[in-house]
Amino acid sequence: MRLTAAIFLIVNCCLPFVLPAQQKTNSKSPLPIFKDVAQQSGLKFQHYNGMTGKFYLPEITGSGGALFDFDNDGDLDVYLVQGTTLEPNTTPADTMFPWRNQNPPRGRLFRNELLTSGAAQRTLSFTDATDASGIVATGYGMGAAVGDINNDGLPDLYLTNLGSNQMYLNKGGGKFVDVTKESGTDDPRWTTSASFVDYDRDGWLDLMIVNYADFSVSNSPNCYSATTARDYCTPRVFRAPGNRLFHNKGNGTFEDATVSARVDKEFGHGLGVVTADFNDDGWPDIYVANDGDPNQLWINQKNGTFVNDALLAGAAVNRNGQAEAGMGVDAADFDGNGTEDVFITHLMDETNTLYVNLGQALFEDRTREAGLGMPGRRFTGFGTFFFDYDNDGWLDLFVANGAVQLLAPLVRQKDPFPLGQPNQIFRNTGKGSFVEIDAAEAGAELQLLEVSRGAVFGDVDNDGDTDVLVTNNNGPARLLLNQVGNRNHWLGLHVVGKNGRDSLGARVDVVTASGSVLRRRVRTDGSYLSANDPRLLVGLGVAKQVKSVRVRWPNGTIEEWKNVAVDRYTTLNEGAGSAPP
Amino acid sequence: MVVGAQTAPADRVLQPSRKDLVAVHLPDLSTLEEGVREQLTAEQNSLAAALKNPAISNATLSEAYGKLGQVCHAYSLTAPARECYLNAMTLAPNDFRWIYLTAELDREEGHFDDAIGRFSRARSLRPDYVAVSVNLGNIFLELNRLSDAESAFAKALEIEKNNPAALYGMGQVSASNRKYAEAVRYFEQTLAQVPAANRVHYSLAMAYRELGNAEKVKTHLAQQGTVGVRVSDPLVDGLQDLITGERVYLSRGKIAFEAQRYAEAANEFRKAVAIKPDSVIARVNLGAALSQIGDLKHAAEQFEEVLRLEPGKAIAHYNLGIIRAVENKPEQAIAHLRSALSIEPNDTTARFLLAQQLNKSGNAEEALSEYARVVQSNPGNERALLEHVKLLFREGQFKQSLDALEKSHEQYPQRGQTVVLLAYLLAASPQTDLRNGTRALDLAQRVFATSSTPQYGALVALALAELGRCSEAADWQRRMIAAAEQDQNKNANLLVKLRAGLKQYESGQSCRPENETILAELFMGPS
């Protein structure tokens, strides 16, 4: 436990970050914010959970997906994680929701064939590239993480499973090779979320994975709801297996650094993970969201080890001291004070929880002050992300919902899978709080009663606003195309390190013409079981230019760019900027 | 078959006898526990009979609706409970109970505006019912309406001046208003009323953090736990008395167990056993809860009873194995663990325990065999590996001991304790041809660089001695003695060993460890 007098002197300190008053030019749009274009664009994917009516926990836990440009053609492709059967001697066609396809269920890779003619004309279409890719993911899939593990400029794909995980090395030309064994990155347990992070700043991406529960079909007990009817168990009936940190040795192999890095010391039933420099010391820290156990905030000790500081930091449990059912998690500077705040989704009847970073990684649960308490109580949240849907400069929130215990009203309606709940968007007011956006404004697809799990974020059609890929358990994937965001100005940044890859962990400060600073972080992690667009999309409101862009690279050096063009994507290469004044 | 409605018979609807009442939609009961189903059916029939009575008074019909509503509420069948309460309220508009319980449903389901309205009305009828004000305060707090919350908690404190839930609420209001000294006072008062409410320590710690009192933060975080405060609420608490099903108690017990409230869990499981004495799961859980509170005698009785009911219940054997091990009865522990393993041979935890007990009972040969099986099935289990290696060492199987360590080290090169034992064996194995001083030194230095403790420093000295670098070994040893002497938690036994080692290293050319016993006990366990 880190506890020094100095910590307490700066509790209420805020970095000199001031944002202007909200600059929306289009606060109300005649179009709903999102429109589902999955089917029409060829992104046809139905999740299969293998359920047989025996209430096995994994069948309601997955699955996620990834948005990543695997073919380096400048647009985001899609990977969707698939389930399979759970019980031995069961075929996919014999389960409660039978798999109708001739081929068995497996994770699928879709290539984005985006056509752009002129600024406004974009045609989005996807083709299934799975068979040619070499990705054979036929296990009980959970999530995906993306990072370039060999610094060849091609994003690699890590797939988490109930059972052994898979590391796929991107060889270029749309081909992947399974290097799980050679790289030493397997974990045979039930892994959920994962994050690529260069925790020792040696230029190679390491990998943190979180594990959920020591489940097997044979050790799964019967559980009951308060009505005494059969229902899904909580994870607490299974032992928590512990998480794992893999250190990238830079030669295509990883070593298990869990023990040496001391992240084995504390763990719970892990579902979410996000990495960020929470104490602003230039070294990436790791935050793990646990289902029913206190969360961990692993503070990087800069020597290859971590210390869990969550309890003292005020980020382990909610303001009442209660551990909550952490599912998805994200971190970003939502209030513009320059620090990484944390938002975690939870079970219905609990609130989702907003931990505001007061500086130096000291947090305060400000859920109710931020207006996020009540709206979260109604649903069970999973995927979540801070993103600026309307490009007004303030980070909003998306929450993907879906229950984990049978919902009585849906049971009464004879719903065959009575866990469906609508998804939510919350607009950042710019005053430390959020307002839930109503159904008409958000879009009809957000009101569907589906069992959403993953939520993946990125600008799929490269039009300057953030789209959302929602993965539904036992349901179709939905690609929610943002129809309104690019009415405001924006800055698109592709931040590339000297090692030739997306510079995950780089901190980017966009200084606007008025002198305010928008702080963002390059990452693919966050949300739930998902890997997001590594590019930064920074909303500028009415501002047509920015004064400068400052990048703090993961190695600590800082560079600055002037006159970066707005309303387009620009690549910032490490070494090409100038020293800041 | 579907999950939500497994047999899906038509729901039963109790049509109202009057226009101002609503129909009560009773859910499909087929998935519920038999006793619960019978209880609910009996209550439904009773109401149905009342509805057929044209002469029934409003008060009597209200009671009948209210009773069914309460039973439904007790089992979280909230929709029919609400319909029943609404009718009961219509028939008896000033009956506090139905307004209050409907408000409670509103609160449980997150309809906070409705809850505020109904709790306020309930408070006008029963201003003395302290739970109404506390509930209102908590809802206002949730809505961040801090002054309303403060007023509600203040009203509760007017009724009961030391009500812990209201004091805690006042503390939360103060903390939200950033009046941390005031918050501390309220939280301290709460704890004074309910010392067992250890969750309050967290709130106290956070308030002290804002006040900059690091010592208090540390003290309270060390005491924080999972027990909160709640207001005494006879009406809501009374719902629990209506519950008859075993599963509900199992469920409640499980929640309490998971929250480490073991006494409460045992109480719930006891109720489940009382309802269904032949319930294996209730008895297993009761035994587990009793074990956690240290009542091993009664825990063992439960597991024995489970084995009488279901002789092949592996978990009962396993738990009895643990209890007998704790009671230092290795032979009985071994018998139960063997039984558990005969049913679930892949249970490596049971096998590991078995190996330990075999070792304890002096059966080293079988213990070695069991340890080997554990390590084979789970090479990542470092603890089992180390126990195995130590036992091999103590049995004089030095080559096997070293081989096992080398194999594990190759697979998990960063495992600290594995490296420690490997360094020790390479420096001081009684079988001298197995030694490799250079590697031992390298490994020991790696260990010491990670954890600079005197015993690991002594390992470096031992490796230096093996290489014949006696004066360097002596220098290291002196430094470690100095460090050990300065250690606040001075370990006298370690100091004795370090000094004995120093004596050997200072003896000059013969400092190479021959029959090293000084550190053997430290690293390899008692011989």
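A residue is termed buried if 20 or more other C-beta atoms lie within 10 Å of its own, exposed if 12 or fewer, and partly exposed in between, with C-beta atoms placed from the backbone. By this criterion, 49% of the 527 residues in chain B are buried. The structure is a predicted model, in which local features need pLDDT of at least 70, side-chain atom pairs count only at pLDDT 80 or more, and totals for chains, interfaces and linings use all residues. Residues are numbered from 1 along each chain as its sequence is written, while chains are lettered from A and ligands numbered from 1 in the order in which they are written.

For the complex, the predictor gives an ipTM of 0.90 and a pTM of 0.82. The pLDDT expresses the predictor's confidence in each residue, from 0 to 100. Chain A has a mean pLDDT of 92, with 94% of its residues at 70 or more. In residues 1-27 of chain A the pLDDT is below 50, and this stretch has 59 contacts in the model beyond near neighbours in sequence; two residues are in contact if their C-beta atoms, placed from the backbone, lie within 7 Å. For chain B the mean pLDDT is 91, and 97% of the residues reach 70 or more. Where pLDDT is low, the predicted coordinates should not be read in detail.

Chain B contains 28 helices and 2 strands, taken as DSSP runs numbered from the N terminus (helices H or I, at least four residues; strands E, at least two). The C-alpha trace of chain B spans about 110 × 60 × 40 Å along its principal axes. Of the contacts in chain B with a separation of 6 or more, 48% join residues 24 or more positions apart.

The largest nonpolar core comprises 332 residues, a nonpolar core being a set of buried Ala, Val, Leu, Ile, Met, Phe, Trp, Tyr and Cys residues joined through C-beta atoms within 7 Å. Among the members that touch the most others are A:Ala144, B:Ala423 and B:Ala444. Helix 23 of chain B (residues 416-428) provides the largest share of this core, 10 residues. Apart from neighbours within four places in sequence, B:Ala444 contacts B:Ala423, B:Leu459, B:Val460 and B:Ala463.

Between the chains, 42 residues of chain A are in contact with 46 residues of chain B. Helix 5 of chain A supplies the largest share of the chain A side, 5 residues.
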